[in-house]
Amino acid sequence: MSALVAVLTLPLVAALGVFVVPARLRVPMALASAAMITGAALALCVTVARGGPVMLMAGGWAPPIGIALRADGLAAALIIMTALVMGAVTCAAWFEASPARAGPRMAFGFWPLMLLLWGALNAVYLSRDLFNLYVGLELISLAAVALAALSGTAQAFAAALRYMIFALAGSLLYLAGVVLAYAAHGTLDIGLLTARTPAQGDALALGLMTAGLLAKTALFPFHVWLPPAHASAPAPASALLSALVPKASFLILMRLWFEAMPDLATPAALLALAVPGAAAVLWGGVLALVQKRLKLIIAYSTVAQLGYMFLVFPLAGGGGAAQPWAAGAWTGAVFHALSHGLAKAAMFLAAGIYIAAVGSDRLGDLRGLARALPMTGFAFALAAITLMGLPPSGGFTAKYLLMTSAFAAGQWPWALLLAGGGLLAAGYFYRPMVALFARDARVPLLRSIPRAWQSVPLVLAVLSIMLGLLSATPFDLLQVGRPPPASEGL
Amino acid sequence: MTLTYYALTGAVLVGLGAYGLLAVPHLIRRIIAFNLMGSGLFLFFGAAGARGGVPDAIPQALIITGIVVALSASALAVGLVVALARRSGKAFLPDDYPADDEDRAP
Amino acid sequence: MTLALDLALCVLILGVALASVAGGGVFRAVIFFITYGLFVAMAWARLGALDVALAEAAIGAGLTGVLLLAALGRLRRMNATSPPHRTGLHLPAAFAGAALACALGWAWFALPAPSPPDLGPVMPQSGVGNRVTAVLLNFRAWDTLLESIVLLAALLGVWMLAQDKDWTAPLGPRYHAQAGGVLASFGRLLPPVGLAFGVYLVWAGADSTGGAFQGGTVLAAVGLVALMSNVMRPPRVSQGVLRAALVLGPAVFLCAGLLATASGGAFLSLSPALAKPVILTIEVALTISIAVTLALLVIGASGDGEYAP
Amino acid sequence: MTAALPVLIVLTSLVPACVTFFLAQDSHRLRNGLNLSGAVLKLALIVWMLFAVAGGASYEATLPLAPGLVILLRVDALALLFISLSAALWFATTIYAIAYFGKKAELSRFFGFFSLCVAATTGLALSGSLISFFIFFELLTLSTWPLVAHKQDKPSLAAARAYLAYALPGSAALLWAIIWLESATGPVLFTDPPDLSVLEPGALRAIFALFIIGVGVKAALVPLHGWLPAAMAAPAPVSALLHAVAVVKAGAFGVVRVIYDVFGAGNVVALGVGWPLAVLASVTILWGSLRALQQDEIKKRLAYSTVSQVSYIILGAALASPLAMIGGLVHLIHQGLMKITLFFCAGIYDERAGVKKITGLNGMGRRLPWTSVCFSLGAMGMIGLPPMAGFVSKFYLGLGGLQAGAPWVLGVLAASTLLNAAYFLPLLYRLWVLPAPEDAKGDERAPGLVVPAVVTAAASLGVGLLAASPISPLSWATLIVTREYGP
């Protein structure tokens, strides 16, 4: 069985499995399947890195009749990042979603939801079919909304509903674009659309799909649903929502603008994508500065960090795609997505440990916790370093690549934004750090936190740093099957 | 000409649904609006697929899939509305999320 | 003449749609929406898409309508307050809606000549005669597999909305049908008829109109009536058989796909010789899961009955 | 071996750092043994390399991260000058710190970050390219912050915040400058100065200014010096680290690298950016001294003295004449030795006699004689009395000023010497002349504190007395200038 099919189906099989099996088998099964899927993801990465992109025609039918799936370097990198985050979340949830701590409801439902999300994410990373992507996105949205509502408070329900309204509106806008594309070209395949005869309605189709995906990616000003939804979910769920879910819709945006319809990427359109990104960096950063709860700070930081990714459009898209710097910008944006995923998951899992330890995530209640839980404090600090883009971390590599491209492209204001955004990040992560490392009276912990649990966020945070120290390997992986117009450079 | 009627009806339904999804406060109505928007879009798609004389089977299959997906989403949304109402007594969204409420984190 | 008929149907559709968005009263809005669904089903029939018409009538109008009515009933019983004021978004929302409608309208006239992929040459290998079924279960089986999992995800999401204290309670509200009343008799009469109709839809779907989703919906309706008339007891999440029934369809579908891979073919591929029996097996399994899932989606999470009269 | 050696030198402090983080608080012997053996090993490796490099050997190691983003470690004479200083002082400070902290809590964290700081400094010194310089520069910032905040009381936390508030924008400016420059010239290696003609002179001046802002924060160049006096809230070993071993030195070292290996002395003169920097350095020298005069806390006075003294190095680099450069480079060593002696002594006065203010020093010479002798030697060196180390630096700087056609430098040096005398001599007067108060107490029964101070004081005396010998820092600085930047 090829690694591609395994990556695609194992999470779904596992989700059905944990749904059916009796309670005592649930966690062993989830752990075993997480290990197997991670192994399959690794195998897929190796295959892609060695032998180039892997194609699969589902059902043996080639487009336009069937659905094509393709693992290129970008998909493989996101799949392995997802596997690492999911693996860590599985370990954390082993402690946090146990029946004794979280009740039988969460102990039942978290596992299948997590695995369904995993399967849906992998399906979206791999799919080359616009409608199939829609179904995958809907599966992601439903699982994500359910995860956001999992804690069962009125706030969580309200936040999940608001999330759902944005997600539904976004899906339908995306679908409207898909409908127009099919009606005009008789195909849904990204590869076939690249070679289409341009039609009048293409710009509208691309615009509608983009608008829908922006709402799902929570790009400013569509970000309002994100912080409450991410902050009111249980911590392992927040980690999944913040680290992984927005990346899926962003990936589709990249596929559309770089692969399906690169001919429509005019400078003005690309700028229109990046300007809200810049606004997100600043506005998300400013709002993160004034929050009083740790999870809200982390969630607003997600709003800000997602903004950076959109710099890829003016720096590597359209006519600029053939320029030497485009490869750097393209890779830099993906590097940012990867390192943000690892670091943000580490942060939310750390927040989950604090909430388990003191029952609150208000900064005032976290004072001095680094002394009682030093590994967690260290993990939080390392993750913050990545998110600030300080060396030597994956975030720094991303920032370096993007800044270099910005200068090379003569678009230096983006470099200014990257530098300023890093300082804002330093500002908003400074407050929780000071609270954690304060020398106040010893806080009595509600429960002791096993060392194994404490080490979970640390492993993720160290991985986000290692991504910077060992960035040559992922860099080479990302070049596999990079969209043709952008591969002229470097 | 017939197809144009249905396509334009679909287009208007999409607009109407989008308006409802954004502006109507009662959450059950928002779910209705979402369904209108979806089915309007499908109508447009169906009309477009029927242009070749013989109806194209692919749009039909996609629409059936879309209808089922829309039902799944509606069901979860309805469940959330009922759950929210049970917890807060409201069938609408409080205007703004209280960023710094007194509730402890979950 | 037919043109006038189509025009009238379109006007009706738009009228009830408008009424359900902007008319007074949420209950009336739901009724308008169900009516709307029936009109749209007629429109699909006019467009020559009978499979879609059936799906729209059964799922779009019927099941969604029941879902909304049930939700309204629950909201009423818990005395949920309606919004105190209108939101301030009306003007921008109206503008956005109008812009969207105009854009789509413009796009219709800007569409180039249709160039659909030609399914004719590949139909013989698909194993079924109905093109829509061939697309759903063979050419684009991966979509359908994911879609069946979407349904499961929605149900799981609904279940997770229960409160912790209610988790082990039976799903959905308690129904009290009067013994010997209309509902009780209906509940005894309908199931055999409905069951037969549902099974027929699945069977017919292979070569003419119908299929797993339409058939599953009919069966779900049968199940709901049986529940409401207390012919059946409401199930609990803890029942292993129930959960097994829910995953049966996707599981069989996945197994078929993986077996194809194991025997050297592409994932989800069907050899023309085996296509028909395999598709029928998948359809039967899917129908069972879809029927149970849809019925459970309507009755909601456990503990939703605590406010029932 | 040629690739492994620079990596090994970094690892001698990086490995103890990483291991120390995971040690239990009470495993003192293991922790101390680990750090001390790391320091000894590093010194040994450096001594070996000193001889090899003097004989013409070169060492290089690379770790590619992404295109254009390569960590390059390379040993040249300038790098060796800096790491010899920091390795030797790290050793002394480790002994001092072990004695200073005794068995207080949070020592694993302290020594972990302390060693990490030294690892960063070593990497920074050995960096062969701009981007690896930046990476270690940032690592230094991050590892210093927990040390400044170590006491976790209000002043320490405020100082730590001030440190970050200055350092992070500084880093942003530095990164900005690097990427701006490299986007035009390609990756900059120190062995291979970039071709600057591709950029407009205006852009080059702006880049130079950004570089100076970036490294100037660490070098405490006025007006970017505010964090340094605040940081005196940290424990004495940290002050030693900030003022002598690592941080401000890294800033000054960065200025030297930027002027000589990135822009090239000729370009700096041609662009006309050398003399404004020299003026700024002179202003810093005088301003630091004037502010030192007003302080009545010993450590604060020493901190402002550092602000002033470090700019000698920058002045030497900015004047861009060979003799001035020798003066600047040799002051890197001299100031380090003298200032660490002074901070060691200040720490002893505080720990052993409870004295923080200069008024408490009255009559201390008799009570704490070893400490007071060391302190006096350091202070006289700072003033620049012949034949102390400070005199050698100032002598070369003065000659360099004349060589560069800037005789006003002599005036600056004279004024600074007078001011130095004005803020140090009263201390010596109190130590040795004024009588001790009735209730004075204090002793020196802490060899772990006193011995390092004596050793560094002796060294600072030695490098002045033996300046003419072939193994002195002066000879090494001359070698650097003639070999690498000479005509």
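In chain B, take the contacts between residues at least 6 apart in sequence: 55% of them join residues at least 24 apart. Before going further, note that this is a predicted model.

Next, chain C. The corresponding figure for chain C, again for contacts between residues at least 6 apart in sequence, is 75% joining residues at least 24 apart. Its secondary structure comes to 11 helices and 0 strands. Of the 309 residues of chain C, 52% count as buried. The C-alpha trace of chain C spans about 60 × 50 × 35 Å along its principal axes.

Now the interfaces. Which chains share the most contacts? Of the 4 pairs of chains in contact, it is chains B and C. On that interface, 77 residues of chain C are in contact with 68 residues of chain B. On the chain C side, the elements that each supply at least two residues are α1 (2-22), α2 (26-46), α3 (50-77), α4 (90-110), α6 (131-139) and α7 (141-159). Helix α3(C) gives the most to the side of chain C that touches chain B, with 14 residues. By class, the residues on that side of chain C divide into 54 nonpolar, 13 polar and 10 charged.

Chain C also meets chain A. Here 51 residues of chain A are in contact with 48 residues of chain C. On the chain A side, two or more residues come from each of α1 (3-20), β1 (54-58), α4 (99-126), α5 (130-148) and α6 (154-185). Which of the elements gives the most to the side of chain A that touches chain C? That is α5(A), with 10 residues. The side of chain A that touches chain C has 35 nonpolar, 14 polar and 2 charged residues.

Chain B and chain D do not touch, and their nearest C-alpha atoms are 26 Å apart. Chain C and chain D do not touch either, with their nearest C-alpha atoms 37 Å apart.

On to helix packing inside chain A. Helix α12 (residues 267-290) and helix α19 (residues 412-436) of chain A pack at an angle of about 15°, and their axes are 9 Å apart. An angle under 35 degrees counts as roughly parallel, which is why α12(A) is described as roughly parallel to α19(A). The crossing of α12(A) past α19(A) is left-handed. From α12(A), the contact is made by A:Ala278, A:Val281, A:Gly285, A:Ala288 and A:Leu289. From α19(A), the residues are A:Leu417, A:Gly421, A:Leu424, A:Ala425, A:Gly427 and A:Tyr428. By class, the residues of this contact are 8 nonpolar, 3 polar and no charged.

Helix α7 (residues 201-218) of chain D has 18 residues. From its first C-alpha to its last, α7(D) reaches 26 Å, close to the 26 Å expected at 1.5 Å a residue. Buried residues in α7(D) include D:Leu204, D:Ile207, D:Phe208, D:Leu210 and D:Phe211. Towards the end of the list, D:Gly214, D:Val215, D:Gly216, D:Val217 and D:Lys218 are buried too. What covers the buried residues of α7(D) includes α6 (154-185), α10 (247-263), α11 (265-271) and α12 (274-293) of chain D. Just after α7(D), D:Ala220 takes a positive phi of about 55°.

One more residue in chain D. D:Leu479 is found in helix α20 (residues 473-485) of chain D. Is D:Leu479 buried or partly exposed? It has 18 other C-beta atoms within 10 Å. A residue needs 20 or more to be buried and 12 or fewer to be exposed, so D:Leu479 is partly exposed. In sequence, D:Leu479 and D:Leu78 are 401 residues apart, while in space they are 9.4 Å apart, C-alpha to C-alpha.

That is the end of my part.

How values were computed. Residues are numbered from 1 along each chain as its sequence is written. Chains are lettered from A and ligands numbered from 1 in the order in which they are written. This is a predicted model: local features need pLDDT of at least 70, side-chain atom pairs count only at pLDDT 80 or more; totals for chains, interfaces and linings use all residues. Two residues are in contact if their C-beta atoms, placed from the backbone, lie within 7 Å. Helices (H or I, at least four residues) and strands (E, at least two) are DSSP runs, numbered from the N terminus. Ala, Val, Leu, Ile, Met, Phe, Trp, Tyr, Cys and Pro count as nonpolar, Asp, Glu, Lys and Arg as charged, and the others, Gly among them, as polar. The expected span of a helix is 1.5 Å times one less than its number of residues. Axes are lines fitted to C-alpha atoms, for helices over the stretch in contact, and angles run from 0 to 180 degrees between N-to-C directions. Angles under 35 degrees count as roughly parallel, over 145 as roughly antiparallel, 65 to 115 as roughly perpendicular and the rest as oblique. A crossing is left-handed if the near helix is turned anticlockwise from the far one by less than a right angle, and right-handed if clockwise.
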